[in-house]
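Here's a quick tour for anyone meeting this one for the first time. Have a look at the fold first, then read on.

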Amino acid sequence: MQSYLSTQTNEDFTKARNKAWFNEIQHILNPEEATLISFTDVRKLLRPENEVYKGMQVVPVKLIAGSEGRYQDFDNHFFPKSNFLKSRWEHIDMAHLQNIDLPPISLYEAGGLYFVRDGNHRVSVAKARGVEFIDAEVVSLQSEIKLKPESSLDGMIKQVIAYEKRVFYAETGFGDITDCWILDFTTPGKYDVIYNHILSHKYYINMGIEEEISFEDAVLSWYKTVFIPVIQAIDSHHLMHHFRGRTKCDLYVFLIKYWDELKQKFGNDFSLDKATEEFIADYSPNLLKRILNHISKKKMLRDMFK
């Protein structure tokens, strides 16, 4: 009997290991898509306010999306990626075959999903065996953002960006004021940057007038006098060609920050067009272009200070 069970656990591990290997081959061009999500990355993404101990719970296995410390040992479906996991994995599988109760695992809950603190092998075996629920001790990280199950961090990032966009448009009325509904970014946190740009713009306008303008007027003024000119510079200098995979709004944030740094260094008369050219020279992924532009930039600086 014991020999039969050992053979079965060996076969179970081999099947799970082969699934991880096949999954890796399928994603050979984009290996991050087959990588188990790191809880540390999710924590940085959600920026939870605090932790609350929830105690013992019965958790749906399908909602366990990642791991705190062993995310490199398992793929995004919790299949084992290395043979060194075999002994422990088969020991857990043996307990399942013999109907032996195992200790509860430990999980973090964040955004409605779960991440393993302790018990990665138990989750791996449970997923391989199609177990639907598992006993767990849960610590919840409080966040307003609720996530749907995703197989990659990139999918979660897109969910967070979509949430931030909904909140920004709802709280500012940006779309109704500007008739612009395509303020889109590829990284989180940028809607807060835009909000702060609008507040700064409002502050500087109010410095020169007696009656304070409304937030709505500040939004429209910023959109027409700051945002649109930068977008026009992005279009006229074909920045999207140099920075594929980015949105115009991404480039707005990068370019406006870069332009501000140049104005602090060379004076407020430094033009947006010149700043855009320098931005391409410094940050374009085209290495040859960057080298040639760097040489040209050094010559320009020498000429300026002759």
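## Ground rules

This is a predicted model, where local features need pLDDT of at least 70, side-chain atom pairs count only at pLDDT 80 or more, and totals for chains, interfaces and linings use all residues. Numbering starts from 1 along each chain as its sequence is written, and side-chain values use heavy atoms, with hydrogens and water left out.

## The largest pocket

The largest pocket holds about 510 Å³ of space. A pocket here is an open set of points on a 1 Å grid over the protein atoms alone, where a 1.4 Å probe fits, with protein on both sides within 12 Å along at least five of seven lines; lining residues have an atom within 4 Å of a point. The volume is the space filled by probe spheres set on the points, which are joined across faces, edges and corners.

Helices H2 (39–46), H5 (153–172) and H7 (190–207) each give two or more residues to the lining, and H5 gives the most, with 6. Helices are DSSP runs of H or I, at least four residues, and strands are runs of E, at least two, numbered from the N terminus.

## The sheet

There's also an open, mixed sheet of 6 strands, ordered E1-E3-E5-E4-E6-E2. Strands E1 (37–38) and E2 (51–60) are its edges, each pairing on one side only. Two strands pair if DSSP finds at least two bridges between them.

E1 and E3 pair in the parallel sense over 2 bridges, with isoleucine 37 partnering glycine 66 in E3. Glycine 66 also stands opposite phenylalanine 115 in E5.
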